[in-house]
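Trainee: I would like to learn how to read a model like this. Please take me through it feature by feature.

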Amino acid sequence: MNWRKVWTIARHEYLTNIRRTGFIIMTAIVPALGIIGLILTVLLLPRGEAVAAWLERQFDVGRKPIGVVDRSGYFTPILPEYRESFVLYEDPEAAEAALRADELQAVLVIGEEYLESGQITALTRESFGEAALADSERVRTFLVTHLLAEQVDPALARRAADPLGNLQARILSETGQERGGGMVFTFLIPYFLALFLIMTIFSSSGYLLQSVAEEKENRIVEIIISSVRPTELMAGKVLGLGALGLTQVLVWLGSAWGFTGGMATLLALVGSVGIPARVFILGVVYYLLGYLLYAVLMAGVGALGTTMRESQQLAGIFSFIAFIPYMLASFVMINQNAPVARVFSFFPLTAPTMMMLRIPLGEVPWVDIAGSIGALLLSIPAALWFGAKLFRVGLLIYGKRPTMREIWRILRG
Amino acid sequence: MILQVHHLTKQYGDLVAVDDLSFEVEPGEVFGLLGPNGAGKTTTIRMILDIVPPDAGRITVLGGTPAAAQPRIGYLPEERGLYRNVRVLDMLVYLAELKGADRARARQRALEWLARMGLEDRAHSKVKDLSRGMQQRLQVVAAIVHDPDLVFLDEPFQGLDPVNVERVKGVIADLRQEGKTVVLSTHQMNLVEVLCDRILLINRGRSVLYGPLADIKRQFAPHAVRVRAPEIPPGLPGVVAIEPKDGAYDLSLAEGTAPRDVLRALVDRGVDVQAFEVAPVPLEEIFIQVVTGAQDESCAT
């Protein structure tokens with residue numbers, strides 16, 4: 001294996017394809033999206049609270065007021081700020097009637113000796129314990145505020161009633177403190193990250209395919225084959241275009257880094273999710289193994305086609321197979337260790353995509369990780385052998401695509 | 001010898017493409033590799049270039065194995081093409097580098113040959129922007145840009161206009177002058193006659209004619225002389241037929257009559273002999289005779 005020639009081929013493939021408009025556009029998409037996102041969030045920041053409140057109202061179920069029968073005297077009259085959600089009733093029967101009539105969510109009966117004994121009854125129509133609990137924050141602040149109202153400074157009363165109202169969540173990570181993200185970001189960002197990685201694998205493999213099929217269609221392949229060994233040619237293309245894919249990923253990661261760094265200092269509203277080192281390292285491993293497997297198979301299969309279109313059709317099967325985990329994404333998101341997810345993790349052609357979907361979602365059994373990597377490490381040499389043979393012979397067959405029988409004969413040697 | 005082929009055999013399923021073929025090529029010569037379509041010429045070339053492995057036989061080229069010789073061999077295939085979207089000079093340098101040439105040297109040689117082929121102002125154009133004739137010339141340059149010692153040209157004249165045919169002939173002459181060896185495979189027999197020193201005619205994978213062109217022509221020469229004179233007197237001794245041909249006369253001789261006897265007879269009769277030679281037989285006729293003769297043979301069996 002003449003590595004100098006492999007380098008020459010790799011460099012040629014890299015430089016030729018990095019100038020393609022398609023590649024430049026695709027690589028620029030992520031920074032472009034980042035810029036758009038930045039602009040949007042800057043525009044929305046002054047109205048951030050209004051946006052948050054609006055979002056909250058979209059998810060609000062609508063609540064009825066709570067009836068209060070006050071025998072202790074501390075809650076009569078009800079303070080102005082609570083009058084919308086709490087209604088005072090002199091007469092317990094009246095309150096019950098209103099509850100039966102569905103005008104109230106619940107009735108709170110506060111006992112005469114409430115201060116000493118804490119006696120308080122909550123009456124609801126169904127055993128909707130949840131409903132009562134959901135409102136317990138409001139009920140708690142209602143009770144505390146009223147109890148303290150006459151005794152202490154109003155500001156103290158308010159703080160005592162709602163000590164955690166302005167809680168800021170932060171996560172301690174390797175690098176320091178990160179802002180706590182919402183559920184949305186924990187799911188979506190890894191999902192899109194994995195999706196982008198898959199996209200680079202397939203765009204690089206696509207260029208590989210194109211390069212092989214083009215040389216065949218151009219008929220220049222015969223001169224090439226009289227200059228280098230087929231394995232050197234294949235290695236050069238796989239490595240050169242792998243480097244191209246990596247370049248794309250680095251541009252994306254770099255711009256994402258720059259943007260989240262920028263956003264974190266600018267905004268308090270949007271959280272960014274720190275990617276744990278474990279996810280990152282495994283992501284790189286699966287990316288490299290996944291690319292090697294697909295690239296080699298694509299090169300071999302691509303060499304069988306007689307025209308560019310044919311080669312693309314043949315290779316399309318692999319793209320489809322690799323995408324199966326994404327079709328199952330909704331199941332995997334619910335439980336990343338579901339049996340269906342585990343099965344696809346061990347099958348080499350779906351392992352990279354499935355694992356990259358599972359790992360950011362939470363703990364994955366190390367058996368799955370070791371097993372899927374093992375399966376890939378075993379299948380890559382097999383694919384290399386298979387692909388190289390197809391490559392060697394396919395390159396010189398013009399005019400008609402070999403039949404399955406002929407392919408079988410070729411493989412047997 | 002620069003190339004030695006011993007008992008070379010290659011089979012594809014039931015088809016025997018090359019059948020126990022043996023021949024040699026001398027350094028510095030122009031060797032004609034001839035044969036009808038499907039005779040096995042391209043398969044033979046591919047085996048010498050280590051593109052396809054032989055089933056049996058041995059090939060020694062440039063003192064070593066085909067694999068070792070690859071960097072020093074140039075190849076213009078019959079099914080040929082070029083990169084489309086790359087610049088002319090970049091493509092030539094890349095192809096030379098694939099052959100193991102040094103970058104700077106390759107660039108220099110590429111520019112030299114582009115100039116020789118009248119393409120120097122197209123060095124930085126994209127290949128697809130060149131006219132068809134220019135691309136054809138470029139293909140020839142691509143085959144020799146890495147300064148090979150042995151060059152295989154498979155149907156180099158195919159599709160060329162007369163001007164470009166002359167250009168390619170010029171290239172072959174230049175290569176010869178540089179001491180390179182050329183193996184020329186073509187159907188254009190008239191060009192073979194002009195260019196080649198020795199030939200090998202293959203039919204159905206087997207060698208049917210092999211050796212110096214002059215010897216072969218002599219072997220097939222009809223017992224006749226060609227005389228250029230105003231007229232030929234009848235009744236010359238030993239002349240059985242007189243046929244006008246190409247502005248001269250072909251005189252068929254009886255067995256036992258030597259050409260010089262006829263010359264003496266003509267001079268004695270006072271004929272104004274302007275030219276006299278043993279009648280040449282065009283290689284084309286030899287080709288057809290040998291190949292169809294073999295066809296008939298096989299039909300008979």
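Mentor: Start with burial in chain B. Of its 301 residues, 39% count as buried. A residue is buried if 20 or more other C-beta atoms lie within 10 Å of its own, exposed if 12 or fewer, and partly exposed in between, with C-beta atoms placed from the backbone. Keep in mind that this is a predicted model: local features need pLDDT of at least 70, side-chain atom pairs count only at pLDDT 80 or more, and totals for chains, interfaces and linings use all residues. Residues are numbered from 1 along each chain as its sequence is written, while chains are lettered from A and ligands numbered from 1 in the order in which they are written.

Trainee: What does the secondary structure of chain B come to?

Mentor: Helices (H or I, at least four residues) and strands (E, at least two) are DSSP runs, numbered from the N terminus. Chain B has 10 helices and 13 strands. Its C-alpha trace spans about 70 × 50 × 30 Å along the principal axes.

Trainee: How many helices and strands does chain A have?

Mentor: Chain A has 18 helices and six strands. Buried residues make up 32% of its 413 residues.

Trainee: How do I read the contacts?

Mentor: Two residues are in contact if their C-beta atoms, placed from the backbone, lie within 7 Å. Take the contacts in chain B between residues at least 6 apart in sequence: 68% join residues at least 24 apart. Between the chains, the contact takes 15 residues from chain A and 18 residues from chain B. On the side of chain A that touches chain B, α1 (3–18) and α10 (221–225) of chain A each supply at least two residues. That side divides into six nonpolar, six polar and three charged residues. Here Ala, Val, Leu, Ile, Met, Phe, Trp, Tyr, Cys and Pro count as nonpolar, Asp, Glu, Lys and Arg as charged, and the others, Gly among them, as polar.

Trainee: And packed helices?

Mentor: Two packed helices are described by the angle between their axes and the distance between the axes. Axes are lines fitted to C-alpha atoms, for helices over the stretch in contact, and angles run from 0 to 180 degrees between N-to-C directions. Helix α3 (residues 88–98) and helix α4 (residues 103–116) of chain B pack at about 130°, with axes 9 Å apart. From α3(B), L89(B), L92(B), V93(B), A96(B) and E97(B) make the contact, meeting R103(B), A106(B), R107(B) and A110(B) of α4(B). By class, six of these residues are nonpolar, none polar and three charged.

Trainee: Which residues of α5(B) are buried?

Mentor: They are Q136(B), R137(B), L138(B), V140(B), V141(B), A142(B), A143(B) and I144(B). These pack against α10 of chain A, together with β5 (73–76), α3, α4, β6 (150–154) and α6 (162–177) of chain B.

Trainee: Is V165(B) buried, exposed or partly exposed?

Mentor: V165(B) lies in helix α6 of chain B. With 14 other C-beta atoms within 10 Å, V165(B) is partly exposed. Leaving aside neighbours within four places in sequence, V165(B) is in contact with F157(B) and L160(B).
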